[in-house]
Structure formats: C-alpha cells, structure tokens
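Please look over the model below before reading my comments.

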Amino acid sequence: MKNLGKTLLVLTISLFSMSSFTQSELTGQWTIGEQNTVVNLEQHNRVYSGKIVSSDNPKVKIGTVLVKELKQTKGSWKGKVYSPKQKEWYDAEFTKKENKLNIEISVGFFSKTVEWTKHNS
C-alpha cells in the first residue's frame, strides 16, 4: 500500500510536469509580417499574452499588446488578438506546428488565417 501511494505521487508529479511543458510551447518571440515585427509571448498562470518588442516598421508602436487571454484547449489555444489598424480585439485560435504558429482570426461569419514564425534570436 505504501508503494501504491509513492507511485501515485510520482505519476501525479510527472503529469503536472508534462502539462507545464506543453503549455510553455508558445512562449518566446515570434516574427510576424514582412517588416520583421517581433512579438514576445509570455505565460502567467496558464494564460498567455504577447506584446511587440521590435519592428522594422517605423509606424509600429513597441510595447503594444497584440495577444491576451490566450488559454490552451484541445490541441490549440484560444484568446484575443489585437488589430492596430482596426483598433479592435478579435477572437482567435492559435495552432502550433513545428516553428510556425497559425492564427485563425474570426470576425462574425468570416475568418482569416495568418502565420507567425518562431524568431531566431
């Protein structure tokens, strides 16, 4: 019975560790657009947010928050993405494949998918 308790404890810790690892998959810097705008995604309490940290576009405001309330669901993450041109937040679903992040932005019945690439520092 003692061994069963230890086994369950080790199993629980292992599952928690794996869960934490998969949730950190999005953290880091991602390049968006043709003018090398870089967004840094951070995770706090299982929720991601992201802001612009650099850009070759002089019109881009460094520090602008582009991603908020991003939470992991089954196989993807759902949250809000900001459009500086429209000055609005939109629902979005993020799906990671290797070093690419596909973001499907939904506006009413319409949707658009954009791709971000993992930034090589």
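1. Residues are numbered from 1 along each chain as its sequence is written, and side-chain values use heavy atoms, with hydrogens and water left out.

2. The average pLDDT (the predictor's confidence in each residue, from 0 to 100) is 82 for the chain, and 79% of the residues score at least 70. Over residues 3-23 the pLDDT is below 50, and this stretch has seven contacts (heavy atoms within 4.5 Å) beyond near neighbours in sequence. Where pLDDT is low, the predicted coordinates should not be read in detail.

3. The largest pocket has a volume of about 870 Å³. A pocket here is an open set of points on a 1 Å grid over the protein atoms alone, where a 1.4 Å probe fits, with protein on both sides within 12 Å along at least five of seven lines. Grid points are joined across faces, edges and corners, and the volume is the space filled by probe spheres set on the points.

4. The lining of the largest pocket (residues with an atom within 4 Å of a point) has 25 residues, and Ile32, Tyr82, Ser83, Pro84 and Lys85 lie nearest the centre. Strands (DSSP runs of E, at least two residues, numbered from the N terminus) contribute as follows: β5 (77-83), β7 (100-107) and β8 (110-118) each supply at least two lining residues. The largest share, four residues, comes from β8.

5. By class, that lining holds twelve nonpolar, eight polar and five charged residues. Ala, Val, Leu, Ile, Met, Phe, Trp, Tyr, Cys and Pro count as nonpolar, Asp, Glu, Lys and Arg as charged, and the others, Gly among them, as polar.

6. How many salt bridges does the whole structure have? The search finds two, a salt bridge being a side-chain nitrogen of Lys or Arg within 4 Å of a carboxyl oxygen of Asp or Glu. One joins lysine 80 and aspartate 91 at 2.7 Å, N to O. Lysine 80 is in strand β5 and aspartate 91 in strand β6 (residues 88-97), eleven residues apart. Lysine 80 is partly exposed at 26% relative accessible area (between 20% and 50%, with a 1.4 Å probe and protein chains only), and aspartate 91 is partly exposed at 44%.

7. Lysine 100 and glutamate 115 form a salt bridge at 3.9 Å, N to O. Lysine 100 lies in strand β7 and glutamate 115 in strand β8, so the pair ties together parts 15 residues apart in sequence. Lysine 100 is partly exposed at 28%, and glutamate 115 is partly exposed at 46%.

Conventions
Predicted model: local features only at pLDDT ≥ 70, side-chain atom pairs only at ≥ 80, totals over all residues.
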